[in-house]
Amino acid sequence: MKRFNSSNVRWGVIGAGSVCEKKSAPAMNKVTDSSVVAVMRRNAEKAKDYAERHGIPKWYADADELINDPEVNAVYIATPPNSHLELTKKAVEAGKPVYVEKPMARNHAECLEMIKVCEDAGLPLYVAYYRRTLPNFLKVKSLIEEGAIGDPRYVHITINQSKHPDVIKDESNWRIDPEVAGGGYFYDLGSHQLDYLDFLFGPMKEVNGVAANQSGDYPAEDIVLGNITFENGVLGSGNWCFTTGETSQKDEIVIIGNKGEIRFPCFWGTSVTLKKDGMPDEVFEFEMPENIQFYLIQSIVNELLEKGGNCPSTGVSAARTNWAMEQMTKNFN
């Protein structure tokens, strides 16, 4: 990686929409030696409004202008996935590191192209899989590594949701348009879970699955069932259904070992429950940072400024998640 020749990270944010209101961009102003100096939205009025509300000195309605602003030395791409590849290329051409929202791109091929252009330029590529840095998810990882449940045997993901309130046939809802998002809510939410399993157990060796659209409400898949074999021998499975009744709603990951199990939610809660043979259950509770991406952004800034440590979520790791999702949904695509 080329040396980052600056004593602070000055972010330019492309796509200052809902994810930037609290989850991400505000954290960039809280991390030491980091600040947002410019934001961009295609709607100039909305770009100006965001900048004024968040105290950002510059705003643009054109991504090229932001990328080529000499004050900007790192680019955060918070747009829908169909523009991630193009914007990454432009940022790299300008010689600037890239932090991109998840999923990394619409498909694995686009991910590989993003990795290549960044590697060829000697620039880092980071992806917003922030669960790799949150305390509840790190606790699960430490429990496994210390042998709290013995040898892990398998992991299972369940997410059941009733019809999402924004499931309407409206072009503004890009999350259910495969041409924009790569898939449906499985790509939006399941990507977090699959990336976290990659963080826990390492790369997946074999993945297969079946996907369908049972409701007919939109073109993307609304149910996915998948199976996983990790390189380390742990097995995994998952079911993602976004059209259940409210009584069936569930968000849980369970890891089974030969001496116990760990249960925890991915989205609806922050507790971790440890069950061990012959022992009372232990429940660990955690508080999250006000801006959920804070710790991941802090790791990026620390890496760029050589302040110790590396960001745990890179283009290389994130591309593996896109590959896994493709394997699970290829019968549908």
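What we have here is a predicted model, in which local features need pLDDT of at least 70 and side-chain atom pairs count only at pLDDT 80 or more, while totals for chains, interfaces and linings use all residues. Residues are numbered from 1 along each chain as its sequence is written, and side-chain values use heavy atoms, with hydrogens and water left out.

That bridge takes us to strand 7 (residues 152-160) and strand 10 (residues 235-241), which pair in the parallel sense over seven bridges; two strands pair if DSSP finds at least two bridges between them. Helix 10 packs on this sheet and touches strand 8, strand 9 and strand 10, with a direction that makes about 45 degrees with that of strand 8. Contact here means heavy atoms within 4.5 Å, and the angles, which run from 0 to 180 degrees, are taken between N-to-C directions of lines fitted to C-alpha atoms, for helices over the stretch in contact. Helix 8 (residues 185-201) lies across several strands, including strand 7, to which it runs at about 165 degrees.

The sheet as a whole is open, has eight strands in the order 8-9-10-7-11-12-13-14, and shows mixed pairing. Strand 8 (204-212) and strand 14 (282-284) stand at its edges with a single partner strand each, so one side of each is left without a neighbour in the sheet.

Now to the other sheet, which is also open: six strands in the order 3-2-1-4-5-6, with parallel pairing.

Finally, the second largest pocket is lined by 14 residues, with E119, L123, P124, L125 and V316 nearest its centre. A pocket, on a 1 Å grid over the protein atoms alone, is an open set of points where a 1.4 Å probe fits, with protein on both sides within 12 Å along at least five of seven lines, and lining residues have an atom within 4 Å of a point. Two or more lining residues come from each of helix 5 (108-121), strand 6 and helix 10 (315-329), and helix 5 gives the most, with three.

Notes:
Helix = DSSP H or I, 4+ residues; strand = E, 2+ residues; numbered from the N terminus.
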